[in-house]
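Dear colleague,

I am passing on the structure we spoke about, and my notes on it follow below. Please read them with the model open beside you.

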Amino acid sequence: MASPPWPDSPAFPRASPSGLEVDVAILGAGIHGAALARELSLRGVACALVDRGSVGGGTSQWSSQLLHGGIRYLLTGDIRPMREGLAERATWMRIAPLRCRWEAFWMPHRSWMEGLAHRLGIGLYDGWGRDRPAWPGALRLGAVPEQVFQSDPRARSGPFRGATAYADLLTWDRALTRDLAASSRAAILEGQEPEAWEEAAGKLRAVRLRDASDGSPRRLEARKWVCALGPWTDAALGRWFGDEAKRLRLSAGIHLWFDPLPGCERPWTLRRPGGRVLFVVPRDGLLQVGTTEREVAEGWVPIVEEEREELLAALEEGMPAVPWRRLPVRAEELGVRPLVRGTGGTAHLSREAVLERHPRFENLHLVLGGKLTSARLLMDHLATTLTGQACPASRTEPLRLWDGQASTGG
Ligand SMILES: Cc1cc2nc3c(=O)[nH]c(=O)nc-3n(C[C@H](O)[C@H](O)[C@H](O)COP(=O)(O)OP(=O)(O)OC[C@H]3O[C@@H](n4cnc5c(N)ncnc54)[C@H](O)[C@@H]3O)c2cc1C
């Protein structure tokens, strides 16, 4: 099946100089590319942020929109990434308070024993994640009072006896990505397709870009290069350099957005078989439900009926009093997770990112895998490696809002 067209070309005009020279060129303007542009700018390094589509127009607009420690890691025992994520939540809240909102997520239990296990696990999670700047005092954590639980329509006639509430952070993924880009001084080049490369002495030197809107060419030269192409990494490296390595496995996940349900105040996290979770999150005037896992071969794939069916069946099993199939679905979306290659099902593959130097070009770095939550930290690390300069301000410098930004032609 043919891939759908690249989405949403940028709406605003771009200056179009035919050449641009920077210290670091970043290919891919998702959360990783945008975070790296900010890190390099904080260190005073000239950079360009290039995307075939637009800033935040790839996977970074189809996530579950959580900045989280990953409650499911309690089951898999991945404590280090969990604690890292918990600490990063606090950093995001400090630097991007307008794009973050604390929530008390309810994790329902089916039995007294399961409730006890949840309380212990969640006690650890919230204890390790107790740095919660601007926590709203009205949100209650720990055991949800029985009356309060029973008044939620999702609890009626279902298999759950009660719930325990834990803290996590909601975000707006695309807006956050764009704010990161706006907080950089990078030349932002949207709608630019890399076409032909110049190399010299084992290094990449320049690329010819083609503007998707008017076909005009532009030469971009850089001393160092970073590919942060999300799920399109393997395909692009294959096309550009004949690189046949398969570094990623791709996993599609869908969300359905229903009309709001009266009485559903707090998000729910339901444990599912295989260490997976189902989120049911009231936000932005709708009810967001997700997500699934299906291994796919490309970064753009359509939703298949079995994915919708899987979500609806899980919702009906856990919350049978809600007429899920009769509720209008206002939107549905699919994102493709780039996961670092490994064996077994994609649900068990790590969400951690790996930084790799390309084996053929010593000045080309690859960002593989990862998640929104850890993107700032990882790009802080990469920028320090690229420049030899650490930058503590990365954890405190507030983001500028993208609103009103125009992309620059360099
Ligand atoms: C369903 C789902 C739920 C998720 N939920 C969460 C969550 O709740 N919390 C969390 O922390 N993480 C979550 N993630 C993970 C997170 O969304 C991704 O890890 C992250 O967005 C990846 O960002 P990226 O910058 O690596 O890739 P992308 O955002 O995909 O950016 C890559 C960019 O490269 C561009 N590009 C591609 N090919 C080319 C080319 N040839 N030339 C130029 N540019 C190109 C694309 O247009 C795109 O903008 C979720 C992911 C999915 C799919």
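The domain assignment of the chain, whose bounds come from an automatic or database assignment, gives domain 1 as 19-60 + 175-247 + 349-395 and domain 2 as 101-171 + 249-340. This is a predicted model, in which local features need pLDDT of at least 70 and side-chain atom pairs count only at pLDDT 80 or more, whereas totals for chains, interfaces and linings use all residues. Residues are numbered from 1 along each chain as its sequence is written, and side-chain values use heavy atoms, with hydrogens and water left out.

The C-alpha centres of the two domains lie 33 Å apart, and 17 residues of domain 1 are in contact (heavy atoms within 4.5 Å) with 11 residues of domain 2. Between them about 1,200 Å² is buried, with 65% of that area coming from carbon and sulfur atoms; buried area here is the accessible area (1.4 Å probe) that two parts lose on being put together, summed over both. On the side of domain 1 that touches domain 2, the residues divide into seven nonpolar, seven polar and three charged, where Ala, Val, Leu, Ile, Met, Phe, Trp, Tyr, Cys and Pro count as nonpolar, Asp, Glu, Lys and Arg as charged, and the others, Gly among them, as polar.

An N or O atom in the side chain of Thr373 is 2.8 Å from a ligand oxygen atom, and for the side chain of Thr59 the distance from an N or O atom to an oxygen of the ligand is 2.8 Å.

The mean pLDDT (the predictor's confidence in each residue, from 0 to 100) is 92 for the chain, and 92% of its residues reach 70 or more. Over residues 9-15, however, pLDDT stays under 50, as it does over residues 406-410. Where pLDDT is low, the predicted coordinates should not be read in detail.

Conventions. Polar contact = N/O pair within 3.5 Å; in protein donor to acceptor, adjacent residues only side chain to side chain.
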